Amino acid sequence: MTAMTDTFADATGGLGDTEWDRLAGGRFYSSALWLRLCALDPGSVSGGLHVDTPGGGRAAIPVAAVTDEPNPHLRWHDVLTARGLPAPEPGGLLIGQRRGYLTHLLTGEGTDRTEAAAAVLDAIRTLRSPLHEDSKIARVAMYLTTEDVRALRAAGVRTAPVALQTDAWIEIPPGGHQAWVASMSAHRARRIRSEIRKFERVGYEVEHRTLAESWRDVARLLVRSLLRYGNTVDAAAVAESFRKQGDLAGSRAEVVLCSRPGEPPVGFCLYYRWGDTVYLRALGFDHDRLASAAEYFNLTYYMQARLPGVRRLHAGTGTAEGKALRGATLRPLWLLDLSEDSPLAGYDDEIREHNRALLTGLRDSSPAISEALEDELWEPYC
């Protein structure tokens, strides 16, 4: 029998942070810190499902009970219907966390992954939501890796996974920033060196601070960027969110700011270091005051690649070509409906057609993207 604790006792289901992080390992977006940061967001109840497996191991996965999810990338009903596929009803149990598009099945050392997936799947299908009276609600995992899709399918999930997005990772060789640039093609290396020189010629002052120290500038600049691209923004809510995040994360939430001498910052990048990996989180600019000096790429990639001891950058979803041109590999992320009565059941051919079309579109969109795709992770479900 699978033993399950009170999943919604808190962000880690009542499991201590040290024990949860032992399961999470180096997966920052599954860490206790990140899950507690996600729990600050209104509109859901965050939890951590952890189970004992029949073989004496332990497994876990983040979960959230959601009703009216404000993030369009997590609204599984809208995401699937926009792709012409059947969709579970809105609201229910999101298997994953509400910030950071990367969900992992967590297992203890020595625990068989298929056994762990089966125990987690059993627990998910019987889990009651604190926000829903009806037990027949959607139970949808989003932004899963191929490895975890395989484990859950081997454990008994019969629906096919739906490809959602690319997930970008940039490897930094042991020689650091210089070795990273040297590993590029001659054309890409010249582009990067030119963008760095352009940035340096402007004479920007660059400062590394914690989010707790710089949340006001971070909020101001992010709001400016969001407004520039036509988003509706509650500036006070954005500022309060960053303030709370900075208070909770402390020195682990780091910010690089750039400014002209004697002036307020014109740009920022917020990131977290977890082991030897930098997770890029947010960036914003006062676009009217920029010097067209490749500020985006310098603040986001080039400075983080110079940090001592960093071996990879997690650049996340979106803007695949810009990341590929800077050496990223592109892995797939998947939606997998874990409900026993999923409306996606029986639509394997249609789902595979969708997945193939997405992969083909990526391959055809640019040579850089085609080269960056890790085909072996896409093709099992395309």
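Contact here means heavy atoms within 4.5 Å. A few notes for someone new to this one:

1. Keep in mind that this is a predicted model, where local features need pLDDT of at least 70, side-chain atom pairs count only at pLDDT 80 or more, and totals for chains, interfaces and linings use all residues. Residues are numbered from 1 along each chain as its sequence is written, and side-chain values use heavy atoms, with hydrogens and water left out.

2. Have a look at Asp 286, in the loop between strand 11 (277-285) and helix 10 (295-305). Asp 286 is buried, with a relative accessible area of 6% (buried is under 20%, exposed over 50%, partly exposed in between, using a 1.4 Å probe and protein chains only). Setting aside neighbours within four places in sequence, Asp 286 is in contact with Arg 220, Leu 221, Arg 224 and Val 266.

3. Ser 30 sits in the loop between helix 1 (17-24) and helix 2 (32-38). Ser 30 counts as buried because its relative accessibility is 0%. Not counting residues up to four places away in sequence, Ser 30 touches Trp 20, Ala 24, Leu 35, Pro 62, His 104 and Leu 106.

4. Gly 25 is in the loop between helix 1 and helix 2, and is partly exposed at 38% relative accessible area. Its C-alpha atom is separated by 32 Å from that of Val 206, 181 residues apart along the chain.

5. And Lys 198? That residue lies in helix 7 (residues 186-202), with helices being DSSP runs of H or I, at least four residues, and strands runs of E, at least two, numbered from the N terminus. Lys 198 is partly exposed, at 35% relative accessible area.
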